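Let's take a walk through a protein structure together, one stop at a time. Keep the sequence and the picture at hand as you read.

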Amino acid sequence: MSTVLQVRGLSKSFGGIRAVRDVNFDLAEGEFLALIGPNGAGKTTCFNMLNGYLPPDEGTVSLGGQSLIGKPPRDIWRMGVGRTFQITSTFMSMTVVENVQMALISHHRRVFDLFSRATRLYVDEAMALLDLVSMRDQAGRACSELAYGDLKRLELAIALAHEPALLLMDEPTAGMAPSERVALMALTAEIVARGGVSVVFTEHDMDVVFAHAHRILVLNRGEIIAEGSGSDIRANPLVQEVYLGGGAVFETEASDA
Amino acid sequence: MGFYFAQLLTGLANASSLFLIASGLSIIFGVTRIVNFAHGSFYMLGAYLAYTLVTLWSGSVLGFWGGVVLAALVVGLIGLVVELTILRRIYHAPELFQLVATFGVVLIVQDAALAIWGAEDLLGPRAPGLDRAVRILGEPIPEYDLALIAIGPAVLAGIWLLFHKTRWGVLVRAATQDREMVGALGINQAWLFSAAFVLGSALAGLGGALQIPREAVSLQMDLSIIGEAFVVVVIGGMGSVSGAFVAAVLISVLNSFAILIFPQISIVLPFIVMAIVLIFRPYGILGKPGSEAGAPEAPEAPLTLMSPKAMMVMCAGLMALALSPLFTAEFTSVLLVDVMVATLFAVSLHFMMGIGGMVSFGHAAYFGVGAYAAALAVKFLGFGMLPAMAFGPLCAALAALFFGWFSVRLSGVYLAMLTLAAAQILWGVTFQWQDFTGGDDGILGVWPPGWASSDRVYFYIAFVLCVGGIWVMRRIAYSPFGYVLRGVRDSQTRAEAIGVDTRFHQWMGFVIAGAFAGLAGVVFAFSKGSVFPDSLGIALSIDGLIMVLLGGIHALAGPILGASAFVLIEDWVTRLDYWRFIFGTIILVVVLVAPDGIAGGIQRLWRIIKRGAA
């Protein structure tokens, strides 16, 4: 499998705090990679450097051989990176399907079209994307009326609109009910399984991580301390030490799932 | 040397007056988030009341200072009444709606002052004991100026103590940073708001009262001070009293020296300083980003296409409008041209505010640039009417291109203030540049050519341009460009994350709105045959805001209803005595009855009727 994303020597300091130091990893095509770590481990900082919101002090990030460093988020999106937010961000004064249409309109470079009717453009594509996240029946509803879990699914549809090679999901299940979390991540896993997109996500919920991630990176104090499959990570004493100061709670949590 | 020192002292004395009014405005904005246009009225009332009290107790030192302080207290009371009876009822309305209410208060106070004190300027007595000049470095300095120089910092110190040493002051500062949080902690916000409003009004009253030995008391005091007061508040940072002091000193001292080099500059200098400060410090000198957040607004409903019924009503309305010259008097056609011009102007402002989320306090700038460009093209370039009509909007678009580039770097009230600065700079230049623009005398003789000179023919020209312009803007609102512009307003983060260059998009929205305002200006110029600096003035910008907000900012039909109602009511009441009082009262009634604007009010009424019928 070829490499989609290549991260080398990524570092960032805030004042005297080295939030991220020398992070290296590759993401293979079709891979579903989780980035985990306790609060303050540097997950979000890492993420914000991948999607262009924060310039790194050092290091390189390249997507299919092209560097992402120094590019604004909109350019990174154009290069084929979709993203969802920890706190959902959608166009509240529009309907569900219109939100997806906006992404399609932008993808087809028609944002400066002054005379077409926006709501008549790319309806079929938008509906197909809503189908993918099982939101077709809510297409005509105002975005402001949606339940939080549905907003998350809508964001996923928006993020997939330009057929990205890479999808970045920051805490995708934050704020959701447990059953919704499982459903959302099962859906994401399904989309990854269909091919064409690789995913990097950060997550707090270990059930979600162990159930779906192909590979897990564990960050602590800005450094990658472990890397491997779910069982590798669970067995890793260093990870247990970081999370719990010892003990084997992951096993119990995983058996609950 | 002595001369320059004297200039510095004059500057500092002016700074004190400016600080008093600006500090009150800043406190009110900080706590309540109300952009209080009535603040200038409180200032004017302070001056009038002090004039009456001081003349009544003339001669004694105690009479003078007692009169000044009592005037300030009475203005504080008036502020309390305004807050309790009007503003308190509409705190839950969209943030800017209160602005309309405060403008209603401006109109009412103007006519109340006219009724009580008359139209003549009143010259107040000098302050007893401080009515001479002392020589400093050989230059005569009025003693009263020295007293003012001391009063400014003294008041600042008093406010500082109040804010840092009392529980109430701490709450005020907390509310300035995050009023939801203060509410969540169980503080009675209503009480806090009233108290802040009273303190702010009293400070404005004090500022006005202290002016009576320095300038004549007149009915123009309110709007002449408000622009500058806003500038000081914005430069200092909204909600920051110390910032207001720094800004007042900065502007007044700069001004007292700048007029030595270039006397005409004093009208535009504050606005130029504000523009420069905002570009480098978007939240003002001592302002913090946090102090901008207000109550979250309820999300707007998705746009829908017109229902067939509404479409029929609209077509019938347009038909009636198109045929009106056939069965009405000529002056009705002239009035209807005014309505159409105002509507196009309001729709262009709504495009920017409602759809683009960029509130403008200076939209008249582009109306005026359009009108002036056409008039100048006729006068200097010998353009015919039609080429001039194309030239005007083009120039307005260019002006919007220039000022918009700066404005879209900011958001919220700061953006609004920068647009105000842009408009005031253009107004100042137009007003002062006698040789080119005719200054106050305007440009006359901008009439349509012979074939279009009858009111009826011109009506149809205006009809085509205005209705056409409105149609195009509506079309754009439904286009991908318009939708994306609304998207940027809803969530900048999301728009950026789907590949939109949000700033550029807003900039282009600004330019489109400017071009159509320019078109309205052009139609206006040829219908009146002349242009005056008023067409770029703050009053017209406020009229536009009132039309949009009264109409209802969340509906595309809002500006159309708002502008028509505004012009027709204005046309009717201006024939009456004390029309400002009546007009202000009408505005207040609409604000209180329909906090969602006329469009929202009609929708609610319609639902009630339907429910009643069912």
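This is a predicted model: local features need pLDDT of at least 70, side-chain atom pairs count only at pLDDT 80 or more; totals for chains, interfaces and linings use all residues.

You can find Tyr122(A) in the loop between α3 (96-107) and α4 (123-132) of chain A. Its backbone deserves a look too: phi of Tyr122(A) is near 55°, a positive value in a residue that is not glycine.

Now move along chain A to Glu171(A). This residue sits in the loop between β7 (166-169) and α6 (178-193) of chain A. Glu171(A) also has a positive phi, of about 45°, without being a glycine. Is Glu171(A) buried or exposed? With 4% relative accessibility, Glu171(A) counts as buried.

The next stops are about charges. Side chains of opposite charge can pair when their charged atoms come close. How many salt bridges does a search of the whole structure find? Over all chains, the search finds 17 salt bridges. Let's visit some of them.

In chain A, the side chains of Lys12(A) and Asp57(A) meet in a salt bridge, with 3.6 Å from N to O. Lys12(A) belongs to strand β1 (residues 3-14) of chain A, while Asp57(A) belongs to the loop between α1 (43-50) and β4 (58-63) of chain A, so this pair ties together parts that are 45 residues apart in sequence.

Another pair in chain A is made by Asp113(A) and Arg110(A), whose closest N and O atoms are 2.8 Å apart. Asp113(A) is buried, at 17% relative accessible area, and Arg110(A) is partly exposed, at 27%. Chain A also has a network of salt bridges, which links Glu31(A), Arg215(A) and Glu227(A).

Let's cross over to chain B. Here the side chains of Arg580(B) and Asp111(B) meet in a salt bridge, at 3.8 Å from N to O. The pair links distant parts of the chain: Arg580(B) is in helix α24 (residues 579-593) and Asp111(B) is in helix α4 (residues 97-117), 469 residues apart. Arg580(B) is partly exposed, with a relative accessible area of 29%, but Asp111(B) is buried, with 3%.

Staying in chain B, let's look at two buried residues and their contacts. His363(B) lies in the loop between α13 (330-355) and α14 (364-380) of chain B. His363(B) counts as buried because its relative accessible area is 0%. Which residues does His363(B) touch, leaving aside its neighbours within four places in sequence? Among them are Phe345(B), Ser348(B), Leu349(B) and Met352(B), along with Ala513(B), Gly514(B), Ala517(B) and Ser541(B).

The second residue is Arg486(B), in helix α19 (residues 480-490) of chain B. At 1% relative accessibility, Arg486(B) counts as buried. With neighbours within four places in sequence left aside, Arg486(B) is in contact with Ser93(A) and Met94(A) from chain A, and with Glu300(B), Ala301(B), Pro302(B), Leu303(B) and Ile355(B) from chain B.

Our last stops are on the surface. A nonpolar patch is formed by Phe3(B), Tyr4(B), Ile259(B), Leu260(B), Ile261(B) and Phe262(B), which together have about 610 Å² of accessible area. The elements that give two or more residues to this patch are α1 (2-32) and α10 (241-261) of chain B. Where does the largest share come from? It comes from α10(B), with three residues. Phe262(B) is placed in the loop between α10 and α11 (269-280) of chain B, and counts as partly exposed at 46% relative accessibility.

There is also a positive surface patch, made of Lys309(B), Arg607(B), Lys610(B) and Arg611(B). Its largest share, three residues, comes from helix α25 (residues 597-613) of chain B. Lys309(B), for its part, is found in helix α12 (residues 308-327) of chain B. Lys309(B) counts as exposed because its relative accessibility is 63%, and exposed means over 50%.

Technical notes
Residues are numbered from 1 along each chain as its sequence is written. Chains are lettered from A and ligands numbered from 1 in the order in which they are written. Side-chain values use heavy atoms; hydrogens and water are left out. Patches are made of residues with over 30% relative accessible area and no salt bridge: like charges are joined within 9 Å, nonpolar side chains (Val, Leu, Ile, Met, Phe, Trp, Tyr) within 5 Å. Accessible areas come from the Shrake-Rupley method with a 1.4 Å probe; for residues, only the protein chains shown count as cover. A salt bridge is a side-chain nitrogen of Lys or Arg within 4 Å of a carboxyl oxygen of Asp or Glu. Lys and Arg count as positive and Asp and Glu as negative; His and the chain ends are not counted. The place of a charge is taken as NZ of Lys, CZ of Arg, CG of Asp or CD of Glu. Helices (H or I, at least four residues) and strands (E, at least two) are DSSP runs, numbered from the N terminus. Buried means under 20% relative accessible area, exposed over 50%, partly exposed in between (1.4 Å probe, protein chains only). Contact means heavy atoms within 4.5 Å.
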